[in-house]
Amino acid sequence: MTDTGTSVRNGREELARRMRALSGSLQHPETAYHLPIAFALTGIAVHDAEKAREAYGKTGSHPLVASEALRAARVTTGGPEPAPFTGFVPDTVIRKLGYTLVDGSILGLALLVGTPESSGAAAAIARELQEKYMLTFLAGPVIPVLQSAGVKVGLDYRLVPLGSTPDAGVHFADILARVAMMFGGIAPGDAGRLLAYARERARAFAVIFPGLSDPEIALIDSLRDLGMPILTTGVYDVVDWIPVIPEQAVTRGMELRQIRVKVTAIPIPMACSPAFEGKSIRKEEMYVEFGGGRSPAFELLRMKPAAGVTDGRVRVIGPEIEQMKPGTAVPLGILVDVASARMRKDFEPVLERRIHNFVNYGEGSWHVAQRNLIWVRLARDAVAKGLRMEHLGKLIQAKFRIDFPDLLDAVQVTLLTDGEKVREAMKEAEAVYRERDDRVMGMKDQDVDTFYSCTLCQTFAPNHVCIISPQRPALCGAISWLDGKIACEIAPAGANQPVLKGRTIDAQRGEFEGVNEFVRKASHGEVTRCNLYGIMENPMTCCGCFECVAAVLPEVNGIMVVNREFTGDTPLGMTFSTLAGTIGGGAQTPGFAGISKGFILSERFLQAEGGIERLVWIPRILKEDLGDRLKERLAAVGMPELLDKIADELTAPTLEQLVEFLAKVDHPALSMKPLV
């Protein structure tokens with residue numbers, strides 16, 4: 001047994017010695033939060049050894065601050081570790097995870113550190129964490145041990161390999177610190193609120209294996225200040241660490257953090273969990289594929305009378321896996337028939353989009369796109385373990401019944417792999433798609449008297465309220481007005497609530513009496529007015545998982561939009577991460593707004609400031625992402641030539657160059673009413 005109390009004392013002394021010897025510059029890539037732990041605890045922006053020692057002293061020589069600085073110094077001078085190690089996780093990745101941290105697909109966070117005594121036991125812990133919807137971070141020898149046991153690691157599998165040494169576990173703490181500042185509105189330097197936030201909202205625990213040095217033990221022990229239980233497999237003797245046998249580690253950790261999950265096993269020969277949703281199956285890994293432009297493929301969910309649906313029935317019409325040649329593209333039709341007294345036609349497209357999620361939950365199945373544009377792959381190793389088309393149907397059928405028990409009374413799935421039948425059925429599917437589009441196309445905000453809220457992100461941003469209208473999607477881009485409406489009907493007490501517009505206060509700015517009243521109550525009185533269509537006065541609050549930041553550029557009388565995938569500097573001289581760090585956490589920031597990509601294409605896009613004519617700069621990657629839809633939008637307002645007048649990082653990387661570019665192309669923003 002390791003005398004952990006002595007190790008903690010010795011470790012703190014060793015960290016102090018290393019801090020005294022620290023020299024040079026320190027930095028982490030792609031973050032607006034400097035060294036996040038030091039920044040969150042002290043408000044000091046650490047970029048060199050002297051500032052690191054200042055922050056270290058201000059925190060009473062806290063091991064987290066020392067470990068963060070020492071690791072940053074090592075990476076700054078020696079460079080990051082090679083794949084598969086992630087090292088410091090960039091801000092943009094954390095923001096992408098934002099929605100999954102609150103929508104139920106990630107229930108909590110775990111850290112595995114050290115050298116497991118048994119690769120099988122470690123693999124079982126990792127698998128259980130995946131199956132129980134946990135996002136798990138790994139540091140030290142546990143990573144190669146898991147790989148040797150056949151466990152795939154990486155962010156796509158929600159087993160994130162931070163680094164080859166246990167001290168990389170400090171990145172787990174810097175992620176918690178950034179979540180508090182990004183989403184929770186915790187001001188840098190407010191150590192009391194930071195620690196309270198971590199204890200109350202970050203449902204996290206650590207499982208520690210043998211092999212840690214004294215400084216590493218001191219680092220891990222200090223995680224308790226963040227409210228994190230430290231579970232050990234029995235080799236560390238300290239009263240504040242919790243001994244467990246490996247088989248009980250996950251259950252015990254989740255109990256201590258009050259993380260509750262009900263996992264229903266699906267009897268098919270591959271693991272199923274949201275942990276696998278982000279994975280990819282490369283061409284060399286696949287056994288067979290469907291669609292993706294290589295073969296006809298589609299998916300369709302249909303409401304039928306109860307007599308026409310046999311609950312649990314799964315059929316494969318056409319060749320099974322054994323009759324498919326490895327490496328080929330095969331036609332596929334996925335038909336999901338549902339019956340329920342509560343089901344409505346409006347629900348069909350929203351439920352149909354869940355097929356994408358459910359197929360990706362399989363460890364050996366992969367799905368992209370929707371409707372008749374789908375692309376599905378099955379992995380060679382999964383097929384070798386017995387996966388068949390029938391099992392894919394069982395996965396889809398079971399997940400619909402598990403996830404929508406109160407909505408769906410019966411679900412049956414038919415998989416078509418016969419090419420002629422796929423092409424025949426696709427004609428029916430395409431007719432249904434057209435009917436749906438006609439039903440919702442052209443829906444305007446003025447056509448409805450009810451908007452919908454989303455308060456999912458209040459898990460991390462307690463005062464943030466997202467208002468979703470037909471012409472303004474949620475700022476994360478994940479929820480449309482129709483999604484919110486249907487979610488409210490399925491779960492009346494959920495995060496998507498009806499918001500009566502009430503009297504129109506200002507149609508141009510998008511200010512409504514009912515919206516103001518709802519936002520005031522839902523934000524606990526912090527926000528009293530909200531303009532849905534403007535950026536200069538009372539813009540909507542931001543949580544942290546927005547797809548883009550819109551910002552006013554007074555020098556050119558225009559507005560720029562930058563998406564989180566763009567990592568370079570904007571004309572403001574700041575990256576997306578820096579901009580996002582100033583407006584998140586449920587605050588209103590006049591002149592700035594978090595928005596979805598889809599909102600750029602809306603008629604309501606910042607109409608209070610003049611709309612899309614004000615758009616003067618967007619990154620090339622965003623321009624390409626919006627593609628033909630942006631061209632159509634500009635043509636609809638009679639300004640198809642505006643696309644070439646909108647600058648990007650290639651035509652105008654700086655504000656000075658932007659001024660010159662806009663004058664050269666005679667951008668309309670220059671002659672519009674002054675913004676400020």
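Tutor: Before we look, we need one term: a crossing is called left-handed if the near helix is turned anticlockwise from the far one by less than a right angle, and right-handed if clockwise. In this structure, which is a predicted model, helix α13 passes helix α15 in a right-handed crossing. On the side of α13 the contact is made by Arg354, Ile355, Phe358, Val359 and Tyr361, and on the side of α15 by Leu392, Leu395, Ile396, Lys399, Phe400 and Asp403. As for the geometry, the axes of α13 (residues 354–361) and α15 (residues 389–403) come within 9 Å and cross at roughly 120 degrees, and that makes α13 oblique to α15.

Turning to salt bridges, a search of the whole structure finds 47 of them. One of these joins the side chains of Asp337 and Arg302, with 2.8 Å from N to O. Because Asp337 lies in strand β12 (residues 332–339) and Arg302 in strand β10 (residues 297–303), the pair ties together parts that are 35 residues apart in sequence. Asp337 is buried, with a relative accessible area of 1%, and Arg302, at 15% relative accessibility, counts as buried because the limit is under 20%. The side chains of Arg178 and Asp174 also meet in a salt bridge, at 2.7 Å from N to O, but here both residues lie in helix α8 (residues 170–182), 4 residues apart, which is about one turn of the helix. Both Arg178 and Asp174 are buried.

Technical notes:
Residues numbered from 1 in each chain as written. Predicted model: local features only at pLDDT ≥ 70, side-chain atom pairs only at ≥ 80, totals over all residues. Heavy atoms only, no water. Axes fitted to C-alpha atoms, helices over the stretch in contact; angles between N-to-C directions. Helix = DSSP H or I, 4+ residues; strand = E, 2+ residues; numbered from the N terminus. Parallel < 35°, antiparallel > 145°, perpendicular 65-115°, else oblique. Contact = heavy atoms within 4.5 Å. Salt bridge = Lys/Arg side-chain N within 4 Å of Asp/Glu carboxyl O. Buried < 20%, exposed > 50% of the residue type's maximum accessible area, 1.4 Å probe, protein only.
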